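Here is a short briefing to read alongside the model on your screen. Keep the viewer open and follow the topics one by one.

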Amino acid sequence: MKKWKTLLSVIVLALVLSACGNSNEETKKEPTDSSKLIDQPYSKTDFLMGTVVTLKIYDKGKEDVLDKGFDRIKELAAKITTSDSEKTSEVDKINEQAGKKPVKVSKDVYYLIQEGLKYSENSGGSFDITIGPLTSLWHIGFSDARKPSQAEIDALLPLVNYKDVKMNDKDQTVYLEKEGMELDLGAIAKGFITDETLKVFKDNKVTTSIIDLGGNIYVQGDNPNGNKWNVGIQDPFSPRGSVIGKLPESNMSIVTSGIYERYLEVDGKTYHHILDPKTGYPFDNDIAGVSIVSKKSIDGDGLSTATFSKGIEGGMDYIEQFKGVDAIFISKEKKVYETSGLKGQFELTDKDFKMDTLKK
């Protein structure tokens with residue numbers, strides 16, 4: 001749980017996937033006053049939303065802001081997280097009323113679903129927030145995970161269509177048109193919560209921090225030495241914590257989706273957890289892992305999933321259309337590709353991998 005052993009430790013990305021959007025907002029860089037920072041940060045770690053959450057603040061006298069950050073995380077998690085037993089979240093209630101009636105939700109959940117629909121549309125449906133029936137069927141990452149029959153998958157595919165989510169701005173309600181539909185916001189929720197935690201920090205005059213929601217990383221400001229943070233890029237073929245290289249970043253989010261985080265093995269074949277809404281099976285392409293670098297974590301979260309679905313060549317073209325967003329791709333052949341905005345910045349440190357460029 002203590003990933004950060006020293007001040008300038010490489011920050012390890014370990015997500016899946018987490019998983020979009022196009023933020024064109026320019027972020028003004030705030031100068032770091034090292035005299036107001038501490039070498040060893042105030043730090044707090046908790047297990048929330050099924051993952052390890054760690055917040056670190058380097059501003060002197062701001063230790064109490066850690067609790068404020070966690071309060072916001074817990075507040076949002078209670079609204080968003082779906083449960084197999086206690087169905088108390090707002091998203092649970094939306095799913096329960098699918099095909100029956102609209103459900104009034106909070107401003108937070110309404111915004112999150114609106115953003116999810118934007119990412120679903122932009123990706124051409126390869127990212128779909130109504131993937132819930134299929135993720136519940138496979139249940140990869142849980143003790144009862146299994147490979148379903150083709151008949152089971154075929155029966156649920158008609159329930160997966162983001163266009164069947166109806167939003168009412170006036171009443172702030174959400175309605176799933178078909179009974180049996182389920183929202184699954186797991187691919188964007190942690191990104192949204194990361195952004196909201198950053199807002200709490202900024203509102204409380206925090207200038208330098210690390211926010212880690214189970215691999216959704218945001219590095220705020222420069223480190224106390226006045227340099228950018230070194231963010232490690234996860235090796236998708238190794239356990240969490242192994243990195244292939246590092247990327248210097250400041251005031252940026254880094255989110256990774258990959259085949260390493262959650263998977264199921266059946267008859268010698270491995271099935272990862274990132275499912276194709278059109279086929280009901282995990283995406284099968286040349287990507288082992290993709291890391292998205294963006295100003296907003298919700299963008300990186302959704303984009304990581306949408307990009308993963310498109311393969312390396314399609315994913316590179318897809319990311320290049322977003323201003324202020326870049327990506328690092330790792331192929332199943334251990335080749336590493338980077339988008340144009342990262343040229344000369346990413347440093348490969350693992351000799352088992354090789355930097356490459358696409359030949360068109």
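The buried residues of helix 1 are covered by, among others, strand 2 (37–48), strand 3 (51–59), helix 2 (90–96), helix 3 (107–122), helix 6 (189–203) and strand 7 (209–213). Helices (H or I, at least four residues) and strands (E, at least two) are DSSP runs, numbered from the N terminus. This is a predicted model, in which local features need pLDDT of at least 70 and side-chain atom pairs count only at pLDDT 80 or more, while totals for chains, interfaces and linings use all residues. Residues are numbered from 1 along each chain as its sequence is written, and side-chain values use heavy atoms, leaving out hydrogens and water.

**Helix 1 and Lys79**

- The buried residues of helix 1 are Val65, Leu66, Gly69, Phe70, Arg72, Ile73, Leu76, Ala77, Lys79 and Ile80; buried means under 20% relative accessible area, exposed over 50%, and partly exposed in between (1.4 Å probe, protein chains only).
- An α-helix has 3.6 residues a turn, so residues three or four places apart point the same way.
- The 17 residues of helix 1 (residues 64–80) should span 24 Å at 1.5 Å a residue, and the end C-alpha atoms are 25 Å apart, which agrees; the expected span is 1.5 Å times one less than the number of residues.
- Lys79 belongs to helix 1 and is buried, with a relative accessible area of 17%.
- Not counting residues up to four places away in sequence, Lys79 touches Ser89, Glu90, Val91, Ser106, Asp108 and Val109; contact means heavy atoms within 4.5 Å.

**Nonpolar cores**

- The largest nonpolar core has 72 residues, and Ile80 and Ile113 touch the most other members; such a core is a set of buried Ala, Val, Leu, Ile, Met, Phe, Trp, Tyr and Cys residues joined through side-chain atoms within 4.5 Å.
- Ile113 touches Ile94, Ile129, Val165, Met167, Val174, Leu183 and Leu185, not counting residues up to four places away in sequence.

- An open sheet of 3 strands runs in the order 4-6-5, with antiparallel pairing; two strands pair if DSSP finds at least two bridges between them.
- Strand 4 (103–104) and strand 5 (165–168) are the edge strands, each pairing on one side only.
- Strand 5 and strand 6 (residues 173–176) pair in the antiparallel sense over 4 bridges, and Val165 has Leu176 in strand 6 as its bridge partner.
- Helix 3 packs on this sheet, touching strand 5 and strand 6, and its direction makes about 130° with that of strand 5; axes are lines fitted to C-alpha atoms, for helices over the stretch in contact, and angles run from 0 to 180 degrees between N-to-C directions.
- Tyr110 lies in helix 3 and is buried, with a relative accessible area of 6%.
- Leaving aside neighbours within four places in sequence, Tyr110 is in contact with Val105, Met167, Asn168, Asp169, Gln172, Thr173 and Val174.
- The C-alpha atoms of Tyr110 and Met167 are separated by 8.3 Å, although the two are 57 residues apart along the chain.

- A second open sheet has 9 strands in the order 2-3-7-8-11-14-15-16-18, and the pairing is mixed.
- The edge strands here are strand 2 and strand 18 (354–355), each pairing on one side only.
- Strand 16 (residues 335–338) and strand 18 pair in the parallel sense over 2 bridges, with Met355 in strand 18 as the bridge partner of Val336.
- Helix 7 packs on the sheet, touching strand 8 (216–220), strand 11, strand 14 (287–294) and strand 15 (326–331), and its direction makes about 155° with that of strand 14.
- Helix 8 (residues 311–320) also packs on the sheet, touching strand 14, strand 15 and strand 16, at about 175° to the direction of strand 15.

**Annotated positions**

- The unreviewed UniProt entry has a "binding site" annotation covering Ala187, Asp301 and Thr305; UniProt positions are given in the numbering used here, feature names are shortened, and annotations may be inferred rather than shown by experiment.
- These positions span 119 residues in sequence, yet no two of their C-alpha atoms are more than 7.0 Å apart, so they gather at one spot.
- Ala187 lies in the loop between strand 6 and helix 6, whereas Thr305 is in helix 7 (residues 297–308).
- Thr305 counts as buried, at 11% relative accessibility.
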